[in-house]
Amino acid sequence: MARVKPGVWFRMTEPLTKASASQMASDLRNSYRRRLESLRMSGVVVGERWEAEYGNDPTDADPSHFYVWFRLITPAPSTFLAQGVTR
């Protein structure tokens, strides 16, 4: 969905621990610098740049629940998408 609407913020639906949310946001933000095999998530395409943040959601009263918000900043070049290079 985020690829269809670049620049629009989305929130991951499942709550995470603070450590997991922090790591996921960091992995997504820095995915363009890393080899896809080293990421702890799937679905990232070579050439994409993502912005990601994590924190508590005011709509969730449990302070131990953390969420990741993300948005696509730079879509992958079409040559990569055509080849289906994903992890």
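This is a predicted model: local features need pLDDT of at least 70, side-chain atom pairs count only at pLDDT 80 or more; totals for chains, interfaces and linings use all residues.

Trainee: How do the residues of the lining of the largest pocket divide into nonpolar, polar and charged?

Mentor: There are 8 nonpolar, 2 polar and 1 charged. Residues are numbered from 1 along each chain as its sequence is written, and side-chain values use heavy atoms, with hydrogens and water left out.

Trainee: Which residues line the largest pocket?

Mentor: The lining is Met1, Ala2, Arg3, Met12, Leu28, Met41, Ser42, Gly43, Val44, Trp50 and Phe70. A pocket here is an open set of points on a 1 Å grid over the protein atoms alone, where a 1.4 Å probe fits, with protein on both sides within 12 Å along at least five of seven lines; lining residues have an atom within 4 Å of a point.

Trainee: And what volume does the largest pocket have?

Mentor: About 170 Å³. That is the space filled by probe spheres set on the grid points, which are joined across faces, edges and corners.

Trainee: Switching to the fold: how many helices and strands are there?

Mentor: The protein has 2 helices and 3 strands, running β-α-β-β-α from the N terminus on. Both are DSSP runs numbered from the N terminus: H or I with at least four residues for helices, E with at least two for strands.

Trainee: In what order do the strands sit in the sheet?

Mentor: The order is 1-3-2 in an open sheet, with antiparallel pairing. Strand 1 (10-11) and strand 2 are at the edges with a single partner strand each, so one side of each has no neighbour in the sheet.

Trainee: How many bridges join strand 2 to strand 3?

Mentor: 7 of them, and Tyr54 stands opposite Val68 in strand 3. Strand 1 and strand 3 pair over 2 bridges, with Trp69 in strand 3 as the bridge partner of Arg11. Pairing requires at least two DSSP bridges between the strands.

Trainee: What about helix 1, which of its residues are buried?

Mentor: Ala21, Ala25, Ser26, Asp27 and Leu28. Buried is under 20% relative accessible area, exposed is over 50%, and partly exposed is in between (1.4 Å probe, protein chains only). The buried residues of helix 1 pack against strand 2 (49-55) and strand 3 (67-74). Leu28 also turns up in the lining of the largest pocket.

Trainee: Is Arg40 buried or exposed?

Mentor: Exposed, at 59% relative accessible area. Arg40 is in the loop between helix 1 and strand 2. Leaving aside residues up to four places away in sequence, Arg40 touches Gln23 and Asp27, where contact means heavy atoms within 4.5 Å. The C-alpha atoms of Arg40 and Asp27 are separated by 7.4 Å, at 13 residues apart along the chain.

Trainee: Last one: where is Pro77 found?

Mentor: Pro77 is in the loop between strand 3 and helix 2 (78-83), and counts as partly exposed at 36% relative accessibility. Not counting residues up to four places away in sequence, Pro77 touches Val46 and Gly47. From Pro77 to Val45 the C-alpha to C-alpha distance is 9.5 Å, with the two 32 residues apart in sequence.

Conventions
Ala, Val, Leu, Ile, Met, Phe, Trp, Tyr, Cys and Pro count as nonpolar, Asp, Glu, Lys and Arg as charged, and the others, Gly among them, as polar.
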